[in-house]
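Please read this briefing alongside the sequence and the model shown below. It takes up overall architecture, surface patches, aromatic pairs and salt bridges in turn.

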Amino acid sequence: MEKDKTAPDDTSDYYGSLKGEDCMLDSIVQKAADNFIEEIKKSNIYREYDFQKEKLKRQPELFDKVTEFRQKNYALQTETPAEELLDRLDAFEREYEEFRSHPLVDDFLRAELAFCRMMQEVNVLITAELDFE
């Protein structure tokens, strides 16, 4: 592996890590992030998601099927050409309609969706406030 190549007055190493006194900023941000994570874990949305996930995990076979469903859904949405997406999503929904009607599956997927939406909103807020383009 290549050794760090830094200019004498450069505050970051070759791979972009901060060094020296600038690391204090990292620890402050890390502490704030840790606190923020703890606050997210206290939210009703996260607690419901975690509760539903743990309930589902008590039935390993069903949990595995949900995991497979989620992987297929993700692949479908990320790998399907745009012009085919709606038709394939309709077919996917029909294929899994009965599966999704299972109360544990439905409760988990609803809780997961709510949590994902919350995290998306948080990401949008942070990005907007930092003027990140």
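Buried means under 20% relative accessible area, exposed means over 50%, and partly exposed covers what lies in between, with a 1.4 Å probe and protein chains only. By that scale Leu 130 is exposed, because its relative accessible area is 62%, and Leu 130 sits in the segment after α6 (103–129). This is a predicted model, in which local features need pLDDT of at least 70 and side-chain atom pairs count only at pLDDT 80 or more, while totals for chains, interfaces and linings use all residues. Residues are numbered from 1 along each chain as its sequence is written, and side-chain values use heavy atoms, with hydrogens and water left out.

**Architecture**

- The protein has six helices and zero strands, where helices (H or I, at least four residues) and strands (E, at least two) are DSSP runs numbered from the N terminus.
- Read along the sequence, the pattern is α-α-α-α-α-α, and of the 133 residues of the protein, 21% count as buried.

**Surface patches**

- Patches are made of residues with over 30% relative accessible area and no salt bridge, like charges being joined within 9 Å and nonpolar side chains (Val, Leu, Ile, Met, Phe, Trp, Tyr) within 5 Å.
- The accessible areas come from the Shrake-Rupley method with a 1.4 Å probe, and for residues only the protein chains shown count as cover.
- Phe 36, Ile 126, Leu 130 and Phe 132 make a nonpolar surface patch of about 450 Å².
- A patch of negative charge on the surface gathers Asp 87, Asp 90, Glu 93, Glu 97 and Glu 98; Asp and Glu count as negative and Lys and Arg as positive, with His and the chain ends not counted.
- Helices α4 (82–95) and α5 (97–100) each supply at least two residues of the negative patch, and α4 gives the most, with three residues.
- Glu 97 lies in helix α5 and counts as exposed because its relative accessibility is 55%.

**Aromatic pairs**

- A search of the whole structure finds nine aromatic pairs, for which rings of Phe, Tyr and Trp (its six-membered ring) must have centres within 6.5 Å, with planes under 30 degrees apart counted as stacked, over 60 as edge-to-face and the rest as tilted.
- Phe 69 and Phe 99 form a tilted pair, at 5.9 Å centre to centre and 50° between the planes, and this pair links distant parts of the chain, with Phe 69 in helix α3 (residues 60–79) and Phe 99 in helix α5, 30 residues apart.
- Both Phe 69 and Phe 99 are buried.
- The rings of Tyr 96 and Phe 99 have centres 6.0 Å apart and planes at 70°, so this pair is edge-to-face; Tyr 96 counts as buried at 10% relative accessibility.
- One aromatic cluster is formed by Tyr 46, Tyr 49, Phe 108 and Phe 115.

**Salt bridges**

- The count comes to seven salt bridges, each being a side-chain nitrogen of Lys or Arg within 4 Å of a carboxyl oxygen of Asp or Glu.
- Lys 41 and Glu 38 meet in a salt bridge (3.9 Å, N to O), and both lie in helix α1 (residues 23–42), three residues apart, about one turn of the helix.
- Glu 68 and Lys 72 also meet in a salt bridge (3.1 Å, N to O), and about one helical turn separates them because they are four residues apart in helix α3.
- Arg 110 forms a salt bridge with Asp 106, the closest N and O atoms being 2.9 Å apart, and Arg 110 is exposed, with a relative accessible area of 57%.

Methods
The place of a charge is taken as NZ of Lys, CZ of Arg, CG of Asp or CD of Glu.
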